[in-house]
Amino acid sequence: MSDPAGNRPKTEKELKKEAEKAAKLAKFEEKQKKLAEKKAAASDKPVKEAKAKKEQTVEAAEPVDQTPTGQRKKIDGEIPAAYFPGYVESGWYSWWEKEGFFKPEYIDKLNPGSNPADSFTVCIPPPNVTGNLHVGHALATTVEDTITRFNRMHGKRTLFNPGCDHAGIATQVVVEKRLKRERGLTRHDLGRDRFNQEVWHWKNEKGDVIYDQFRKLGASVDWDRAVFTMDPKMCRAVTEAFIRMHESGTIYRSNRLVNWSCALRSAISDIEVDKKELTGSTLIAVPGYDKKIEFGVLNSFAYKIQGSDEEIVVSTTRIETMLGDSGVAVHPDDQRYKHLVGKQCIHPFIPTRNLPIFADSFVEMEFGTGAVKITPAHDHNDYEVGIRQNLPFHNCITDDGLISQGCGEFSGMKRFDARTAVIEALKEKGLYRGKEDNPMVVPTCSRSKDVIEPILKPQWYVKCAHMAEKAVAAVANGDLQIIPEFHKATWNRWLESSRDWCISRQLWWGHRIPAYYISFADGREQPLPEENYWVSARTEQEALAKAAQKFQVPEAEILLKWDEDVLDTWFSSGMWPFAVFGWPDATKDMDLFFPGAVLETGHDILFFWVARMVFMAQELTGKLPFKEILLHAMIRDAHGRKMSKSLGNVIDPLDVIRGISLNDLQAQLLGGNLDEKEIAVAKEGQARDYPDGIPECGVDALRFALLSYTSQGRDINLDVLRVHGYRKFCNKLWQVVRFALARISDKPEQKPTFEINLKSATPTDLWILSRLAKAVKETNEALKAYNFTQATTVTYNFWLYDFCDVYVETIKPVLYGDNTTLRQVAISVLHKCIDTGLRLISPLMPFISEELWQRMPRLDDSDYTSPSIIVAQYPLTQKYEKYQNEKLEAAFEFAQELIGKVRSLRADYDLKKTKITMQILSETPEDESMLNDISAVITTLTFSEKVSILNKCESDKIEKGSAHIACGGRCQVYINLTGIIDVPKEIEKLGAKLQKNQISVKKIGDIQSSADYEQKVPVDIRALDQEKKATLEKEIENITAAIAQLKALN
């Protein structure tokens, strides 16, 4: 698809050159308008057009929409002279919402008794209540809303269900920080109940912000069905799910390693763990420490062998965890240590603990010393070894990140202070053996930035193996589709190796786990494992009854303690597709809208969320939650970099919609958590990418741009200038509709009709109708297949290249002429193309399509009626098939090639202001006939005074002094230049231009051939150099040919 803004940000020099070019063009157009006014004395129609164009050159003031909220927008007056996104987007959404167009029941009003099989459901992936929507949300919402609108216009009972996630950890962190900042309090100062009241207060204050942003993006959701994951119906559903899964054995309790954030004092999920990749020694800031801590090194130390002078040297990246060591492992085939297997090591700081040396094949003999210290309570791999070798588990780090009691002189120290202290103590004992750089990954908490500590904790888990098998099978047998298909491999890889899912979180905000620990009033011993003393229940009374029955004792002897932990946010999110409709009750909405049609989200949470929705739905409802999974790419900046606040390249969709100055953009950085150095780097990046800020683009342009990017696989490099290019496309739509409205109103007595008299139609009319039929067919196919890039390409090309550039320009003589028959056809075709074209782009660009469609006159003989374009009938392929004419399209394609070559020659000879006479020598009678049929198009679009079509036997009629253009083997074109140009002067001028271009090409070539060019020059700059060189070389080729033509004329 043509990219109006290019695939890269333009340089300052290029922008300046464009501005100069635009100024020259404006000056030229002004002269042309004055000339047109003088020549139009005999007819006032061209004068009117010239006047209208003249008015466009005056910068119009943005109109103000004063329509009361919820009422249909007032557009009775004249259409504004220019496109203003803010004006166009105002008014419509509140009217759509008030009229109920977004509600599935609205289609039932239009089609009473419609079949539930014609329902279409999309549940919006609930964004966190904590933040603003980012550009990734904008992409997801745009895709979801586009397919929703498309299906709604196809007459389906459509539901786009909105909602918001309570975001357990993120929300608790935000509120805790606010409490500390504003009142100097911690959550513990308030207690659980009062703290949760504070969170609800904050949510009620903040929650509508995200919903307002959805409205600004045009999301056509049913707001009456909006769900918050802590709403009563969600709480009931979550409680019911936990109890059912616990009682079936799918949820169980176990003492295992978890990702522990000492700063949050909670376990966190894998997706909340950021992985910092280090190549070697690196200092990292850790919360709670004044100095940065060294990571990325391998420390080696020796354990003495009991009853021997020997020692065994082990290496570790976390030397403080040696305080929790339970043994030393070596490979069974490692001859260096075979004689030590079965012996004991002496712990240098904990005299009561000896460490067995044992053989285990998991050890890599080549890594480090080939001997591995085993800390089962603080390392995931060591945990498995500890279970396998029946080792004791020693916790050496507390929930607060302190060294545990029982660790000698280090007990009570902060863990990373202990790191330094352990090294010093080992040195004093002569056991330290040095350190070396070691590439490694440091897991950090995405919320607190704390370094994650694997800690042994009794937690609640979900068995995943059986559910994973069913999820893999659903995709394999085609019941569940993953789009694009290449993500199937990821789906299978993750699920075939999935571990059980830890769902406990040590937080106060969230769904408190409906489980109760049982003890006894008489203080009797409880010899069973801890997990045996739990029951799940909806209420404490129910728990009491279950406990009494379980242990066959009176209720009076039972003591209960409600689990203080909450469920992982992904647990409630995993129930989203059916809990929002009232599960576990058999509601009407469950019957109509579950399972959903499609789930659209980013590929990065395919396992963390999508797979778990499949797990939960199959487990609890026996159904898949949706039929298709549509995964979008990750959005990066224009340079392909991951978006990061510290780089200053994060794009707020509202900034793109409304526009923002560089100063205001940089002011936003000050409200975040960046340090001064990061702010400086971010400001520099913003100044480089957005020297003039971000221009106002509007919602429709942003949506269209995001959809056009969706074919880029795993990553999208978003260029804001490309988005702005689509704003120019919106302006093109605006101006062509404005032109059409003016021409229709020129003769009020002549009105367009829906039915077109094809017998009176010109080849140009028939051609554009054929192109329209093709656009209808291809756009329907593209949107049904979720090929949004194709949909944007087809609609863009039809509007810009077929309709505006060719058809509208060609029919201007007809519109201003006196042939009423031809004019009647022309205004009817004009209306049909605009009406159909606006309905085609309505799902993609809802605001501008509604504004322009509402301004177009309704036709009495139309085959559809609707109060709004968003509930109008989408153009159906079968209704336009009668217009398809492949032969005529082929003829126009040939004519457009010819026109392009003529225009190129005119540009070479600078003939922009001069009308020409042209002769076309056809090679076959068929082409001669075809060229005669479309000669009017060629005449208009080549700015010719006269075009003559000759057969190959009439070559003697070619006028002398004509420049020649070959169009393949089908025809030859001759343009009479006699008296139009000064040949010697033109040769001289072209020669100077040729020389200038040759010098420029040589300069680029010299730069490219320099020794360090490939190493020192960035890839994007090298690409620019090559692109510029290729353009210049093409110009040289054209100029050389033009000079040869002129010399031949001489």
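In the hairpin formed by strand 10 and strand 11, five residues lie between the strands, and G307 adopts a positive phi near 70 degrees. Strands here, like helices, are DSSP runs numbered from the N terminus (E, at least two residues, for strands; H or I, at least four, for helices). The model is a predicted one, in which local features need pLDDT of at least 70 and side-chain atom pairs count only at pLDDT 80 or more, while totals for chains, interfaces and linings use all residues. Residues are numbered from 1 along each chain as its sequence is written, and side-chain values use heavy atoms, with hydrogens and water left out.

Strand 10 (residues 297–305) has several partners, where pairing requires that DSSP finds at least two bridges between two strands. With strand 11 (residues 311–316), the pairing is antiparallel over six bridges, and S300 sits opposite S315. Strand 16 (residues 432–437) also pairs with strand 10 in the antiparallel sense, over four bridges; here N299 faces K435. Because eight of its nine residues are buried, strand 10 is largely enclosed by the rest of the structure. Buried means under 20% relative accessible area, exposed over 50%, and partly exposed in between (1.4 Å probe, protein chains only).

Turning to the interior, a nonpolar core is a set of buried Ala, Val, Leu, Ile, Met, Phe, Trp, Tyr and Cys residues joined through side-chain atoms within 4.5 Å. The largest such core has 176 residues, and W799, F803, I920, I938 and V973 have the most contacts inside it. Helix 27 (residues 788–816) supplies the largest share of this core, 15 residues. Contact means heavy atoms within 4.5 Å. Beyond its neighbours within four places in sequence, I938 touches A895, L898, I899, M918, I920, L931 and V947. A second, separate core comprises 60 residues, among them A471, L495, M616 and A617.

On the wider scale, the domain assignment (bounds from an automatic or database source) gives domain 1 (267–456), domain 2 (726–888), domain 3 (889–981) and domain 4 (984–1049). Between the C-alpha centres of domain 1 and domain 2 the distance is 71 Å.

As for confidence, pLDDT is the predictor's confidence in each residue, from 0 to 100. The protein averages 88, and 92% of the residues score at least 70. Residues 21–29 stay under 50, and the model has one contact for them beyond four places in sequence. Residues 31–58 are also below 50, but that stretch has 19 contacts beyond near neighbours in sequence.
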